[in-house]
Protein chains: 2
Amino acid sequence: MNKVAIVGVGHTKFGKLQDKGLMDLLSDASLEAIQDSNTSDKNFDSVYVGAMSPSAFNNLSGVASALVDKIGLIPAAADHIKNGPASGGSAVKAGFQAIASGMSDLVLVVGGEKMTHITTPGYVTANVATLTHPEAERRHGASLPSFAGLLTRAYLEKYDAKLEWISDIAIKNHKNGALNPNAHFQRTIESFMESAMKKGKGTWENLHEFLNDDKTNPIIADPLRLFHVCPISDGAAALVLCNAEEAKKYCDTPILISGIGQATDTQIVFEREELTTLKALRICSNQAYKMAHKSPKDMDVAELHDAFEILEAVQSEDIGFFQKGEGAKAAHEGLTEIGGKIPINPSGGLKARGHPLGATGVAQVVELVWQLRGEAGKRQVDNAKTGITCNFGGFGNNILSILVERM
Amino acid sequence: MNKVAIVGVGHTKFGKLQDKGLMDLLSDASLEAIQDSNTSDKNFDSVYVGAMSPSAFNNLSGVASALVDKIGLIPAAADHIKNGPASGGSAVKAGFQAIASGMSDLVLVVGGEKMTHITTPGYVTANVATLTHPEAERRHGASLPSFAGLLTRAYLEKYDAKLEWISDIAIKNHKNGALNPNAHFQRTIESFMESAMKKGKGTWENLHEFLNDDKTNPIIADPLRLFHVCPISDGAAALVLCNAEEAKKYCDTPILISGIGQATDTQIVFEREELTTLKALRICSNQAYKMAHKSPKDMDVAELHDAFEILEAVQSEDIGFFQKGEGAKAAHEGLTEIGGKIPINPSGGLKARGHPLGATGVAQVVELVWQLRGEAGKRQVDNAKTGITCNFGGFGNNILSILVERM
């Protein structure tokens, strides 16, 4: 198997990008990655686009075919990879396999989504809910936020944990997002609280009091409130991949993709062996560790899929950083902050960087590349040499882990 | 690069399948392929699903994740590959790369679509038209049938060809389809004419007179009429792929995928160098021939993408069987019939086998496997040892060719 290196990265601002369409975002991130890689456009063999719902959100099909034309990569092969909110991670895996197999020498992977133009209430959440089982779940009104609420209750009860610890994850991720110029929310929760006070909406002794106030932080899926869930965002992120043996041609600091794992679990959440354990993550992260000859304790930094803040706690356990039931407490104790035992989501995560569905899995890898190159600016994790991601397709029934390291 | 073999195939009936949903079709074809391969379910590493629009047609996302659960392949990795009507071909390529890279040992590839339940007039054609350029094409009313009409006019004029020769392709494909128990239309056009006569709709001297009658064969996109275009169909087809070195463990007659090519061209049809030449097909078929160390004259049988009958003529030229401008005439002269110089679409093609978008690229390969194994029944091409496909995503702007041969 050929070894695969990342030699270029691109990342648009995430957020409410009113003057950009989906094709603009994919194209902006791609061109930035190509420029970053010092490759020549004409050499690309293949392009993989990860996006969840261009059909439903943008009335577009064939987005990969359209992209190669828009950015001048014809006649490169082009495919669109879909795996719900893990479409980006799956696109990275597809690009990896194209090079690992020897079918391609130079590959562009880009993930993106454009959603904030949709004004029909509930449209986006209903579209994402098409990932749930139509008969066992969806017809009863289940959605991804409702499962996140359920998981939070089960976790808090089983492990005698506190909702405040879950809030601490949001506080940390907003703190990190404030240091990330590409984040959707470049603001601490403290700054939201101060604004609310200035506007006369109330006064609060501390962040947790602010986060428990129904006026400023309404319930979304009990017990989860607004600041416990990620926003709807626009954005795109891109990678240029090549055979690791050629990597130095393009880039002084190539980063190796040394492990990739992907695993599935029951679609119906009720049928899982245990609600508070992400079995698919245990399997796929172990695949990635094994492939890279690494273990959780070798990781310097991680980007996890905190579409809901409870998920970061549970994932930090099932990816091997903490014992079961210890993840939320570890966050509360600061172990996952930049400078902590294992920094998680220095980018701000889905909570603060934002979550343009198909972009997320690629953006997680882009953040790790910046961290491993030492280019993460104010949110730099000291001397980060190895990192891992968790990218969620569906509610835990299709998960990818991608492990990267310095070459 | 590991060599990749096909050790099992599955194929539902194509047509108007009123009592089956998309997940049923994907699952039926998959289980048939798994049974055909003598593999044990638990050994599958990866599943690739090719489907164009489960979101728009079936309100489903995460169809690959759902399928692994439905057919008991958890925790296999699962991804959904989209490339318009070439989603099936792209899924085959993804499965090929998974094994070629060494990331997977045993892979299920399935393509399918469920469309005939949709009763809103124009809904399916409008969805397929989301492949066209939104501003340069779609806003002016362009659709895939309209481009096919345009291409037909240009071809007939440029090469002094006759519309009757294009009709001859439809006549041949219906004749072949009548021999295929999985075809949507298992009827010759002669049989349609006889039925119309019995019903008192008219009398005709011969098939061409019948095919020129506005009552029985109305214009769809001038000069193309109903019998020049493929139907809207439901159906699914599946392959089991493994490392060729292991193939004899599962199957006495494994078939090798010895070449795969994929190339893109301008999205906007107007911007093509020449309307009547499919440049992407010339590139991707050459990639496939080169990879397999074969040339067009080595081919014993081909499955081409006759969504519109003009396409079979043009593809038969650009894939290297005939000189430019000779494809339609060659069909008229019978060179592409079973028993002819190069039998094309012994399955009945998209015209008669039907065209459940995502299924087609996989079904083409399944037909070649049956032909190469000598299991194609009444439509068997004598001693077929090597075959090639052409699968179209968009209107010629993203094309795959897959070359298979006996091991």
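**A look at both chains**

Tutor: In chain A, buried residues make up 66% of the 407 residues, and please keep in mind from the start that this is a predicted model.

Student: OK, and how many helices and strands are there in chain A?

Tutor: Chain A has 15 helices and twelve strands. Its radius of gyration is 20 Å, close to the 22 Å that the globule rule gives for 407 residues, so chain A is as compact as a globular protein of that length. Along the principal axes, the C-alpha atoms of chain A fill a box of roughly 60 × 45 × 45 Å.

Student: What share of the contacts in chain A with a separation of 6 or more comes from residues 24 or more positions apart?

Tutor: Such residues account for 76% of those contacts.

Student: Switching to the two chains together, how many residues of chain B are in contact with chain A?

Tutor: There are 46 residues of chain B in contact with 46 residues of chain A. On the chain B side, the elements giving two or more residues include helix H2 (54–58), helix H3 (63–70) and strand S3 (77–82), and S3(B) gives the most, with six residues. By class, that side of chain B has 20 nonpolar, 22 polar and four charged residues.

Student: And which way do S3 of chain A and S3(B) run, parallel or antiparallel?

Tutor: They run antiparallel, and three bridges join them. As for particular residues, A:Lys82 has B:His80 in S3(B) as its bridge partner.

Student: New topic: how do helices H4 and H15 of chain B pack?

Tutor: Helix H4 (residues 87–100) and helix H15 (residues 357–373) of chain B pack at an angle of about 55 degrees, with their axes 5 Å apart, and that angle makes H4(B) oblique to H15(B). By class, their contact has seven nonpolar, six polar and no charged residues.

Student: Where is the cis peptide bond in chain B that involves Pro75?

Tutor: That cis bond joins B:Ile74 and B:Pro75, with omega about 10 degrees, and B:Pro75 sits in the loop between H3 and S3 of chain B. In chain A, a cis peptide bond joins A:Asp222 and A:Pro223, where A:Pro223 is in the loop between strand S5 (219–221) and strand S6 (224–225).

Student: Last one: is B:His293 buried or exposed?

Tutor: B:His293 counts as exposed because it has 9 C-beta neighbours inside 10 Å. Its phi is near 55 degrees, a positive value in a residue other than glycine, and B:His293 is found in the loop between H11 and strand S9 (301–303) of chain B.

Conventions:
Residues are numbered from 1 along each chain as its sequence is written. Chains are lettered from A and ligands numbered from 1 in the order in which they are written. This is a predicted model: local features need pLDDT of at least 70, side-chain atom pairs count only at pLDDT 80 or more; totals for chains, interfaces and linings use all residues. Axes are lines fitted to C-alpha atoms, for helices over the stretch in contact, and angles run from 0 to 180 degrees between N-to-C directions. Helices (H or I, at least four residues) and strands (E, at least two) are DSSP runs, numbered from the N terminus. Angles under 35 degrees count as roughly parallel, over 145 as roughly antiparallel, 65 to 115 as roughly perpendicular and the rest as oblique. Ala, Val, Leu, Ile, Met, Phe, Trp, Tyr, Cys and Pro count as nonpolar, Asp, Glu, Lys and Arg as charged, and the others, Gly among them, as polar. Two residues are in contact if their C-beta atoms, placed from the backbone, lie within 7 Å. Two strands pair if DSSP finds at least two bridges between them. The radius of gyration is taken over C-alpha atoms; the globule rule is 2.2 Å times the number of residues to the power 0.38. A residue is buried if 20 or more other C-beta atoms lie within 10 Å of its own, exposed if 12 or fewer, and partly exposed in between; C-beta atoms are placed from the backbone.
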